[in-house]
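Okay, everyone, let me put this one up on the screen. Have a look first, and then I'll talk you through it.

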Amino acid sequence: MSVPILSFVGRSNSGKTTLIERVIPELVRAGYKVATVKHAGHGFDLDTEGKDSWRHKQAGASSVVIISKSSLAMFADVSDHMNVEDVRERYLDASYDLILAEGWRSEGYPKIVVVRDQIGEVPVSQDGLLAVVSNKPVETSVPLLDPDDVAGVAALIIRHFPKPQRDDA
């Protein structure tokens, strides 16, 4: 069975990252192993100029993997159309209980919409909509949660994505 994906969507600066950051510890306390995947619509560069990994990439390597005693990082060329399923299948094993994705609002993933002013501020597919998070009244047919109700958001996630029972024997 594939690791389920839950997407947090909303306009830039709506509070998606902060909400995810606050929900992760609640899920971890409930025993979940969580991965996150963020969509950076305008691109990004994490590798530092002059460092060995940057130099390897500049030399033409398609992928560079850095491993230390407790961490792994990978810089790789990817297609313009990579989605969360691609990331899950290529890089995340079945030991994860849930993937929290930030972005991918037009995909059919189950989603929580984070809004500041009104639900229509960003076009979002209603397909798979589980909840709306806003500190203002919003008319919606799904649960409306306050951004400070982190326990409520986590409880909704746990109800929709129960932690799988694994045979570790």
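This is a predicted model: local features need pLDDT of at least 70, side-chain atom pairs count only at pLDDT 80 or more; totals for chains, interfaces and linings use all residues.

Residues are numbered from 1 along each chain as its sequence is written, and side-chain values use heavy atoms, with hydrogens and water left out.

So, the sheet. It's open, six strands, parallel pairing, ordered β2-β5-β1-β6-β7-β8. (Strands are DSSP runs of E, at least two residues, and helices are runs of H or I, at least four, numbered from the N terminus; pairing takes at least two DSSP bridges.) At the edges sit β2 (34-38) and β8 (144-145), each with a single partner strand, so one side of each has no neighbour in the sheet.

Now helix α4, residues 150-160: it lies across β1, β5, β6, β7 and β8, at about 180 degrees to β7. Angles run from 0 to 180 degrees between N-to-C directions, on axes fitted to C-alpha atoms, for helices over the stretch in contact. Which residues of α4 are buried? V150, G152, V153, A154, L156 and I157, where buried means under 20% relative accessible area, exposed over 50%, partly exposed in between, with a 1.4 Å probe and protein chains only. They pack against α1 as well as β1, β5, β6, β7 and β8, contact being heavy atoms within 4.5 Å.
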